[in-house]
Amino acid sequence: MLKLVIIPFFLLNCFQSTQESQKSNEKHSEQLSNPEFESLQKSLEVGIGQNVTLSCRSTNGSLPINYTFFRGNQNLCPIIPKEDRKPALFNLTISSASDLGEYKCKAVNGIANSSKYSKSLNFTLLDPVSKPVLSTTTSQVRIGQNVKLSCYSENGSSPINYTFFKGRKNVSSRIPRQGKVAAVLNVIINSRSDLGDYKCKAENNIPNTTKYSNSLNFTLAEEDSLSYPLCIFLVLLFLLVVIATALLVPFLILPWCKARKLKSAGSSTGFVSTDKATGSENYMTYTEIEYDKSEEVEYANILIRKEEEDRKVNTRADTTVVYSEVIIRDGSQ
């Protein structure tokens with residue numbers, strides 16, 4: 001009789017323990033939390049070709065927990081089971097704009113209807129920087145002069161970080177700029193070693209997209225100091241030659257030509273023949289000619305006289321005197 005009483009009591013205790021254990025498990029499974037979902041890169045700005053790692057983890061819930069990653073309604077990978085509290089990881093490559101959004105993950109443990117979803121993540125596509133342009137206001141400098149270098153990248157998502165170099169040496173820290181704003185560096189030319197060559201680089205948050213500018217070199221103004229005055233001297237010399245030529249033509253050349261013309265017409269005092277028509281070819285009678293000049297017309301008074309026989313000369317043999325012909329006309333003409 002005692003055995004019959006003990007067996008039902010033992011069965012009742014087992015049943016109660018089983019119910020308490022089930023209730024405890026159900027109570028514990030209900031504490032499965034919504035998973036924490038994030039990108040390990042911290043920034044949601046990505047570039048084409050960039051690799052991204054997504055992390056999903058529930059801090060509470062009975063183990064094991066199964067994780068699944070989604071983009072929109074598309075399942076991206078098989079279920080990832082975790083026997084501990086470490087996050088489930090999913091690696092993603094941004095190949096095009098279609099890879100940008102919307103991402104989330106799901107956590108499930110062994111209890112029915114225990115699925116929990118994370119908040120969604122949306123990525124923003126970054127524009128890689130273009131090749132920067134390094135410029136300055138002047139290429140010729142003097143020792144002690146302060147010059148400005150400007151570095152600017154036309155394209156690229158902000159912020160863009162600029163850095164200046166001389167040769168391989170960094171001559172500035174990173175200069176961040178928001179929007180289309182150039183970075184500026186002041187340089188003092190203390191010696192020839194400060195003439196260059198200078199470069200700058202531009203980069204933003206997209207990995208492996210750093211761009212470098214072309215090099216820039218200054219020249220000392222003294223190196224070209226001889227060529228500029230020489231050019232000015234040559235120009236002035238040319239102008240002087242032109243002016244001198246313009247003055248010589250009316251004041252020297254024209255009077256000289258006019259004098260030659262008058263001389264060839266018998267402008268100097270000499271002897272001419274009045275007997276050419278009747279005398280011998282080699283002997284002539286000479287006259288003295290006097291001139292009376294006015295501004296417009298030139299007049300000559302001619303005094304005709306006969307010379308002795310010994311004054312006759314051979315015009316062909318005598319080369320020391322210039323002879324001219326004089327035509328004598330009647331006064332009535």
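These legends walk you through close-up views of a predicted model.

**View 1. The disulfide between Cys 56 and Cys 105.** Let's start with the sulfurs: a search of the whole structure turns up two disulfides, and this view shows the one joining Cys 56 to Cys 105, with sulfur atoms 1.9 Å apart. Cys 56 sits in strand β3 (residues 51-57) and Cys 105 in strand β8 (residues 103-108), so the bond links parts of the chain 49 residues apart. The torsion about the S-S bond is about 75°, which makes the disulfide right-handed. Cys 56 is buried, at 0% relative accessibility, and Cys 105 is buried at 0% too.

**View 2. The disulfide between Cys 151 and Cys 200.** Here the sulfur atoms of Cys 151 and Cys 200 lie 2.0 Å apart. With a torsion of about 75° about the S-S bond, this disulfide is right-handed. Because Cys 151 belongs to strand β13 (residues 146-152) and Cys 200 to strand β18, the pair ties together parts that are 49 residues apart in sequence. Cys 151 has a relative accessible area of 0% and is buried; Cys 200, at 0%, is buried as well. Counting bonded cysteines along the chain, the disulfides of the protein follow the pattern 1-2, 3-4.

**View 3. Cys 77, a cysteine in no disulfide.** What is the nearest cysteine sulfur to Cys 77? That of Cys 56, at 9.7 Å. A disulfide needs sulfur atoms within 2.5 Å, so Cys 77 is left without a bonded partner. Cys 77 is buried, with a relative accessible area of 12%.

**View 4. The tilted aromatic pair of Phe 70 and Tyr 117.** Now for the rings, where the count comes to six aromatic pairs. In this one, Phe 70 and Tyr 117 are 6.3 Å apart from centre to centre, with 45° between the planes. Phe 70 is in strand β4 (residues 65-71) and Tyr 117 in strand β9 (residues 116-117), so the pair ties together parts 47 residues apart in sequence.

**View 5. The edge-to-face pair of Tyr 198 and Phe 218.** The ring centres are 5.9 Å apart and the planes meet at 70°, so the pair is edge-to-face. Tyr 198 lies in strand β18 (residues 198-203), while Phe 218 is in the loop between β19 (211-212) and β20 (219-220), so parts 20 residues apart in sequence are tied together. Both Tyr 198 and Phe 218 are buried.

**View 6. A cluster of phenylalanine rings.** Ring pairs link Phe 37, Phe 69 and Phe 90 here.

How values were computed: Residues are numbered from 1 along each chain as its sequence is written. This is a predicted model: local features need pLDDT of at least 70, side-chain atom pairs count only at pLDDT 80 or more; totals for chains, interfaces and linings use all residues. Side-chain values use heavy atoms; hydrogens and water are left out. Rings of Phe, Tyr and Trp (its six-membered ring) pair if their centres lie within 6.5 Å; planes under 30 degrees apart count as stacked, over 60 as edge-to-face and the rest as tilted. Helices (H or I, at least four residues) and strands (E, at least two) are DSSP runs, numbered from the N terminus. Buried means under 20% relative accessible area, exposed over 50%, partly exposed in between (1.4 Å probe, protein chains only).
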